[in-house]
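Here are my notes on the model you asked me to look over. Have it open while you read, and click on the residues as they come up.

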Amino acid sequence: MKITNCPVCGKFHTGERSYSGLCIDCAEIHLQHSHKIKDYLQQHPFASVMEVYFNTGVPLRSIREVMKNV
Ligand SMILES: [Zn+2]
C-alpha cells in the first residue's frame, strides 16, 4: 500500500482514488470549491480571478486551477 501525504493539510493517507494526492477530506472540499467557482463563472462568464475570489471566498489557488481547466 502506498502512503501519500496530503499537500493541503499534511495528513497521511493511502492516496487511492484521490485527486492529485489530496486526502479524502481535502478532495471533498476541493470538489465543493470547484462547483462554487463553476457556478459563478456560468453566471458571470467574464469574471476575473479576483472577482470570483471576492464573491465565492474560495482560495485563489483553487480558482486559478479551475479556471485553467475550463
Ligand atoms: Zn488533506
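The points below start with the overall layout and then go through the helices, the core and a few single residues.

1. First things first: this is a predicted model. The protein has 3 helices and 2 strands, and along the sequence they come in the order β-β-α-α-α. The C-alpha trace spans about 45 × 15 × 15 Å along its principal axes.

2. How much of the protein is buried? Of its 70 residues, 13% are. Another number to keep in mind concerns contacts with a separation of 6 or more: residues 24 or more positions apart account for 16% of them.

3. Start at the strands with T4, which sits in strand β1 (residues 4-5). T4 counts as partly exposed because 15 other C-beta atoms lie within 10 Å. Leaving out residues up to four places away in sequence, T4 touches H13, G15 and G21. Take G21 as an example: it is 17 residues from T4 in sequence, yet their C-alpha atoms are 6.8 Å apart in space.

4. On the α1 side the contact uses H30, H33, S34, I37 and K38, while α3 brings S62, I63 and V66. Sorted by class, the residues of this contact are 3 nonpolar, 4 polar and 1 charged.

5. What about α1 and α2? These two pack at about 115 degrees with their axes 10 Å apart, again in a right-handed crossing. Here K36, I37, Y40 and L41 of α1 meet V52, N55 and T56 of α2. The class count for this contact is 4 nonpolar, 2 polar and 1 charged. Notice that I37 turns up in the α1 contact with α3 and also in the one with α2.

6. Which of its residues are buried? They are S62, I63 and V66. Why do these share a side of α3? They cover an arc of only 100 degrees around the axis, so they end up on the same side of the helix. These buried residues pack against α1 and α2 (49-56). On the face turned away from them you'll find the exposed residues L60, R61 and K68.

7. Next, the core. In soluble globular proteins, nonpolar side chains tend to be buried together. In this model the largest nonpolar core has 5 residues, namely I37, V52, V58, I63 and V66. V58 is worth a click: setting aside its neighbours within four places in sequence, V58 is in contact with H33, K36, I37, Y53 and I63.

8. H33 is in helix α1 (residues 24-43). Is H33 buried or partly exposed? With 19 C-beta neighbours inside 10 Å, H33 counts as partly exposed, since a buried residue needs 20 or more. Beyond its neighbours within four places in sequence, H33 is in contact with V58 and S62.

9. Two residues of α2 to finish with. V49 lies in this helix and is partly exposed, with 13 other C-beta atoms within 10 Å. Not counting residues up to four places away in sequence, V49 touches L60, I63, R64 and M67. V49 and I63 are 14 residues apart in sequence and 6.7 Å apart from C-alpha to C-alpha.

10. The other residue is E51, also in helix α2. E51 has 14 other C-beta atoms within 10 Å, so it is partly exposed as well. Its C-alpha atom is separated by 9.8 Å from that of Y40, a residue 11 places away along the chain. Y40 is one of the α1 residues that meet α2.

Technical notes:
Residues are numbered from 1 along each chain as its sequence is written. This is a predicted model: local features need pLDDT of at least 70, side-chain atom pairs count only at pLDDT 80 or more; totals for chains, interfaces and linings use all residues. Helices (H or I, at least four residues) and strands (E, at least two) are DSSP runs, numbered from the N terminus. A residue is buried if 20 or more other C-beta atoms lie within 10 Å of its own, exposed if 12 or fewer, and partly exposed in between; C-beta atoms are placed from the backbone. Two residues are in contact if their C-beta atoms, placed from the backbone, lie within 7 Å. The arc is that of the directions from the helix axis to the C-beta atoms. A nonpolar core is a set of buried Ala, Val, Leu, Ile, Met, Phe, Trp, Tyr and Cys residues joined through C-beta atoms within 7 Å. Ala, Val, Leu, Ile, Met, Phe, Trp, Tyr, Cys and Pro count as nonpolar, Asp, Glu, Lys and Arg as charged, and the others, Gly among them, as polar. Axes are lines fitted to C-alpha atoms, for helices over the stretch in contact, and angles run from 0 to 180 degrees between N-to-C directions. A crossing is left-handed if the near helix is turned anticlockwise from the far one by less than a right angle, and right-handed if clockwise.
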